Amino acid sequence: MAVEDECKLKFLELKTKRNYRFIIFKIEAQKVVVEKVGSPEKSYEDFTNSLPADECRYAVFDFDFITVENCQKSKIFFIAWSPDTSKVRMKMVYASSKDRFKRELDGIQVELQATDPSEMSLDIVKARAL
């Protein structure tokens, strides 16, 4: 599975310049491409609403939070979205290429695997960030 250079460039911009709140990637014609980017003012809800209900996607989300010590922090989440309603073949393709794709994105701090929206609720993200 090839990874388009744009995927790495956009991720680098998210990580270093914080130009984006999230990036959604999809597999198209045997390569991973950028499907959508969310501007820094977008919310987690905007992000989850951008994921298709019945197709797999990879996504990264820059999550800002405040620690118990009252420090402002941020963590980059990698989310493998694989809804139960997506096609079996699609799930297999995404599952088999996930680790290779994730290695291309240097700086991911937390990984989540979700098959329905409840598995990546804001409460779960907050709990994983701390």
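Contact here means heavy atoms within 4.5 Å, and helices (H or I, at least four residues) and strands (E, at least two) are DSSP runs numbered from the N terminus. This is a predicted model, in which local features need pLDDT of at least 70 and side-chain atom pairs count only at pLDDT 80 or more, while totals for chains, interfaces and linings use all residues. Residues are numbered from 1 along each chain as its sequence is written, and side-chain values use heavy atoms, with hydrogens and water left out.

**View 1. Helix α1 on the sheet.** Helix α1 (residues 5-17) lies across β1, β2 (22-28), β3, β4 (57-66) and β5 (72-81). Its angle to β3 is about 35 degrees; axes are lines fitted to C-alpha atoms, for helices over the stretch in contact, and angles run from 0 to 180 degrees between N-to-C directions.

View 2. Six strands follow the order β1-β3-β2-β4-β5-β6, with mixed pairing; two strands pair if DSSP finds at least two bridges between them. Strands β1 (2-3) and β6 (110-114) stand at the edges with a single partner strand each, so one side of each has no neighbour in the sheet. Two bridges join β1 to the parallel strand β3 (residues 31-38), and Val3 has Val32 as its bridge partner there.

**View 3. Two nonpolar cores.** A nonpolar core is a set of buried Ala, Val, Leu, Ile, Met, Phe, Trp, Tyr and Cys residues joined through side-chain atoms within 4.5 Å. Buried means under 20% relative accessible area, exposed over 50%, and partly exposed in between (1.4 Å probe, protein chains only). The largest core has 19 residues, and Phe25, Val32, Tyr58, Val60 and Phe101 have the most contacts inside it. Two or more residues come from each of α1, β2, β3, β4, β5 and α3 (88-104). A second, separate core of 18 residues includes Phe61, Phe65, Trp81 and Val125.

**View 4. Arg21, a buried loop residue.** Arg21 sits in the loop between α1 and β2 and is buried, at 13% relative accessible area. Its side chain reaches the backbone oxygen of Asp62 at 2.8 Å. Leaving aside neighbours within four places in sequence, Arg21 is in contact with residues including Leu14, Pro40 and Phe61.

**View 5. Arg57 in strand β4.** Arg57 belongs to β4 and is buried at 4% relative accessibility.

Terms used
A polar contact is a pair of N or O atoms within 3.5 Å; within protein, one must be able to donate a hydrogen and the other to accept it, and residues adjacent in sequence count only if both atoms are side-chain atoms.
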